Amino acid sequence: MQVITTHLNADFDAIASCMAAKKLYPDAHIVLPGSMSRRVKLFFDSFKPFEIKKIKEIATDKVKTLIVVDTRNLQRIGELAQFLQKAVKVHLYDHHPKGDDDIKADFEITEQIGALSSLFTEIFRKKNISISPIEATLLCLGIYEETGCLLFPSTTERDVLAVAYLLKRGANLNIVSQFLKEELSRKEISLLNELLNSLQEHLINGIRVHIAHGIIEEPEDVSHIAHKIMDVVDTDALFIIIEMADKILIIGRSNTPQVDVGSVLSTFGGGGHWAAASATLKEMPVTLLIEELLKNLKQQIKPQKIARDLMTTPVISVQWDKSIKEVEEMMTKYGINAIPVLKDDKYTGIITRGVVEKAIFHGLKSSKVGDFATTDAYTAEEDTPVMEIEKNMIELNQRFVPILKDEKVIGVITRTDILRNLHEELIRKFKIAQPKEQTEELRRNVTNLIKEYLPEEIYEILNIAGNLAQEKGYGAYLVGGSVRDLLMRLPSPDIDIVVEGDGILFAHDLSKRIGGKLTSHARFATAKIMKEIKKDGNIKTIHIDIATARTEYYESPAALPKVETSSIKKDLYRRDFTINALAVKLNAKDFGLLIDFFGGQRDIKDKKIRVLHNLSFVEDPTRAIRAIRFAEKLGFKISKHTENLIKLAVKMGIFEKLKGPRLYEELILLLQDTMPQNSIKRLKDYGLLKIIHPSLEEKPIYQNLARAYEILSGIDLLFLREKYRKEFIYLMVILKDLNMNERLELLDKIYVPANIKGKMLDNIQAAESALQRLTSEDSVEIYNILTSLNIETIILMMIYANESQRKSISLFLTKLKDIVPSITGENLKKLGIKPGPVYRKIFEAILREKLRGRLLSKEEEIEFVKEYKKALTTH
């Protein structure tokens, strides 16, 4: 014999699940452990969808299988728990989370889904089990009641799809509406008013919990009243306590997974899931019950975030005996508005920009900063809840909170940090109502993107790096272009890791773990690991750049930056554009968490290049060329404000102050990554081309670069063995239209390395000379002119060649250049042929024979040379 049962006070989901189980176990008897809720009983009496037996009507000793639905809690199946004492098999179907007092099952299907009725609907669909319209309606009632008409946060996509399937099978929504719509009786209205009047709010680690208490004389189903209260009270979780004649009923409802009402009420012998649960108690003083309930809630609801999760570290600080003027210079240099004041290494107070500026205004710039520091400012510890910090910052009107440990400053939290956290929490709380792309922008995890778009070996290295950082107590982040490319679903050759800690030590330990070769630069706190990977018989080298998190400042416009150790936030702020100021956390705890302080995700989505701050081009003018490169390479637009800042930097003459190879490096990257004719045109539009050389604006370089791009695209298809650098060819095209003095001026202006400068000038002269000589269509003549030239010179010639010359160069590249006689040089000397006219004629004769394809072996060549020499001598 088989018996199907469910939990006490069966609701629609329980009854529907019993009916569904009966279709899977047609010989089973349905036995309820107690009564149904009032609305369920009304439906059951109206439609009688199946037969229910009482426990006394079955032969308990013959029960071999117990099928339990919609609960896994032993206490909630009442007297049917007796079967578990016997040698019966248990089959379990449930959608509630696991607990300590769970029924041990021989077979189970348990998944956390909005309603168990949805799970049974899926089973019916897969097994093609037919259901009647009234059965479909009952299952619909189970889903709608359990998910609050698909509005509860516990609702899943599967619940919605299940409803759609049931509607196709004839579910009647009019009946569903009739039995779920509650018209409150006078007695229930009185209870609702009593509950609302007794409602008390408790703020527990930033979560709002409301508790209400009421009394009714006779037991009845009041769970729907909880929904009425949830409709009118803005709360994260609600508990209503109903005193009855012989028992106390607790009903819990939650809008956030942080309050698992099923877990809370399980300590009172109840059950349910995180969004809805209930418990029934014998007599217990309500005051004591509320105390116990709050105690359980405080144990379960942990702070959403603590100071450690939000704080910036390391912290820029100042010693108490520094002058006000020195502090003002520090604030300007680092772009900050408040600094902790220390005495030795102990915290003593805070100094803000407002105080510093007023002190200077009053002629106190030589005074000690300690004299004007705020010594009673609010501070917090690393485990202080963010909610508490937020409250104190608002009440005390404090923009900056030092985080202390043993009187030492280990971090700071600013108003910006608090605002960002508030925004994230708001989006998290109301994420159902937000467009998907908006909710993904905050607290987004990109682990799946890393797995999909980075090679497997890179993913493994990043995991190892994250575990190492966790062990060391460091923060490790994937940063820069690789993150941008990841979000754009593009492969990226760059693997750059920034470490909040000792980057070189971290790199040393990582190289040991992954077996790579380490090169470090202590002066810059950077290191590089090169690791060879064997894959499919090929060896490729992976380059991993590692740096200590840094901040930088510029002592003057266009100067080289001064770099100091800092936090990931400051490290990202020193970068060029928002799209490159993104990071992905690698620590094991938060692996894949995307860090976006400056709106980089949104700018990627909007295809926009935007600087991080208004002095960006003043500090590093080469960023203007970089902006054009990214715009052309990625198909983005430069924002209007960023365009204005570029033009301002040009107008101010900032580029004239550039020193060193930075301009050359950026120009080479621009030519390498983009269609050069477009990029150079953009340089002219912003007034940047004349900075490279004023004569360029009058030259036809756009047409020449367009032709160069077209020709190189064709040459790429030849798959030549010789390697060539397109960007060098494009730069030679730019130089070609200048006279020698102008070429030298340009090369010096952009600091081209001496060896490259000499090679380019030689290539241009060689190309010009060779073009003047390339007038014959004779293959040997073509060979003799071109064979001694390097590939970049030959390609440069092709760009400026006429149609006939271009055909000759094409012939050389496709057929002639790889033809070499087998017995040239020393071999000819052994045959008594010395350099001179005879040597040249024989060489050309051999070449012609080679071109005809007639000589097939070295021996045949030797015979040919002997006969040719004899003929020449006779002549």
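**Entry 1: the whole chain**

I began with contacts (heavy atoms within 4.5 Å) between residues at least 6 apart in sequence, and found that 65% of them in the chain join residues at least 24 apart. I noted that this is a predicted model, where local features need pLDDT of at least 70, side-chain atom pairs count only at pLDDT 80 or more, and totals for chains, interfaces and linings use all residues. Residues are numbered from 1 along each chain as its sequence is written, and side-chain values use heavy atoms, with hydrogens and water left out.

Next I looked up burial: 51% of the 875 residues count as buried (under 20% relative accessible area, with exposed over 50% and partly exposed in between, for a 1.4 Å probe and protein chains only). The chain has 38 helices and 29 strands; these are DSSP runs, helices being H or I with at least four residues and strands E with at least two, numbered from the N terminus.

**Entry 2: a sheet**

I traced an open sheet of seven strands with mixed pairing, in the order β21-β22-β23-β20-β19-β26-β27. At its edges I found β21 (517-521) and β27 (594-596), each with a single partner strand, so one side of each has no neighbour in the sheet. On average, neighbouring strands here are turned by 30° against each other, direction ignored.

A reminder to myself: strands of a sheet pair through backbone hydrogen bonds, either parallel or antiparallel. I count two strands as paired if DSSP finds at least two bridges between them. β20 (residues 496-500) and β23 (residues 538-548) pair in the parallel sense over four bridges, and I saw Asp496 opposite Asp545 in β23.

I also found helix α18 (residues 456-472) lying across β19 (475-479), β20, β22 (526-535) and β23, at about 30° to β23. For such angles, axes are lines fitted to C-alpha atoms, for helices over the stretch in contact, and the angles run from 0 to 180 degrees between N-to-C directions.

I looked up Asp417 in helix α15 (residues 415-429). Asp417 is buried, with a relative accessible area of 8%. I found its side chain reaching the backbone nitrogen of Thr414 at 2.9 Å. Leaving aside neighbours within four places in sequence, Asp417 is in contact with Leu310, Thr312, Val412 and Lys569.

Then I turned to Glu792, in helix α34 (residues 791-800). Glu792 is buried, with a relative accessible area of 8%. A polar atom of its side chain lies 3.1 Å from the backbone nitrogen of Arg725. Not counting residues up to four places away in sequence, I listed what Glu792 touches, including Tyr724, Phe728, Met732 and Lys759.

**Entry 3: helix α27**

Which residues of α27 (residues 676-685) are buried? I found Pro676, Gln677, Ser679, Ile680, Arg682 and Leu683. Their cover includes α24 (622-634), β29 (637-638), α26 (662-673), α28 (689-692), α29 (701-716) and α30 (726-736). After α27 comes Gly687, with a positive phi near 80°.

**Entry 4: a helix pair**

Last, I checked α33 (residues 779-786) and α35 (residues 803-816): their axes come within 10 Å and cross at roughly 85°. They are therefore roughly perpendicular to each other (65 to 115 degrees; under 35 is roughly parallel, over 145 roughly antiparallel and the rest oblique). Ser779, Ile782, Tyr783 and Leu786 in α33 meet Ser808, Ile809, Leu811, Phe812 and Leu816 in α35.

Technical notes
A polar contact is a pair of N or O atoms within 3.5 Å; within protein, one must be able to donate a hydrogen and the other to accept it, and residues adjacent in sequence count only if both atoms are side-chain atoms.
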